[in-house]
Amino acid sequence: MAGERAALFGSDLQVVERAGGLDLLPDAAGDLALAQGNDNIVQALTLRLRVRKGELARLGWAEYGSRLHELIGEPNNRRTHLKLMAFARAAIEQDARVSKVTSVESMVIAGERDVVRLLMEISLIETPNPLNLVFDVKLT
């Protein structure tokens, strides 16, 4: 099954969050590390949420990304949560490996007034079990 998921969800350079940005990782042999299979689909969907829609238009990817950045500065209330959930669903469902987003919920993290946590259940193509993806959005 792991080999099937690797073939189905592909591979890409593995990135890690550092100092507010993303950085590449080395592997044990000193080459660049790869995210494969399940790790790759999680990374790909997370990156799609992080990138501003239209940011990659010059590279031919005008529709890639999400509109979550449009809500920075908005109050942390139910209206903003509904928009966040809709923007996240729309972005995730653009990935060809996603059948559908079966649920999106939002919650406020205790002690984090300006952070909204999105909890998504995603049906992927040719897989029986959904993917659970958690993504935090800072509103400041």
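Start by selecting His-81: this residue is buried, with a relative accessible area of 7% (buried means under 20% relative accessible area, using a 1.4 Å probe and protein chains only). Before you click on, note that this is a predicted model, where local features need pLDDT of at least 70, side-chain atom pairs count only at pLDDT 80 or more, and totals for chains, interfaces and linings use all residues. Residues are numbered from 1 along each chain as its sequence is written, and side-chain values use heavy atoms, with hydrogens and water left out.

His-81 sits in helix H3, residues 78–92 (helices are DSSP runs of H or I with at least four residues, strands are E runs of at least two, numbered from the N terminus). Show its contacts (heavy atoms within 4.5 Å): beyond neighbours within four places in sequence, you'll find Asn-76, Ser-106, Met-107, Val-108 and Val-116.

Now pick Val-116, which stands opposite Val-137 in S7. Colour S6 (115–124) and S7 (131–138): they run antiparallel, joined by eight bridges (strands pair if DSSP finds at least two bridges between them). They make a hairpin with six residues between them, and Glu-126 in the turn has a positive phi of about 55°.

Last stop: Leu-49. Leaving out residues up to four places away in sequence, Leu-49 touches Ser-66, Leu-68, Ala-88, Ala-91, Ile-92, Met-120, Leu-133 and Phe-135.

Notes: Buried means under 20% relative accessible area, exposed over 50%, partly exposed in between (1.4 Å probe, protein chains only).
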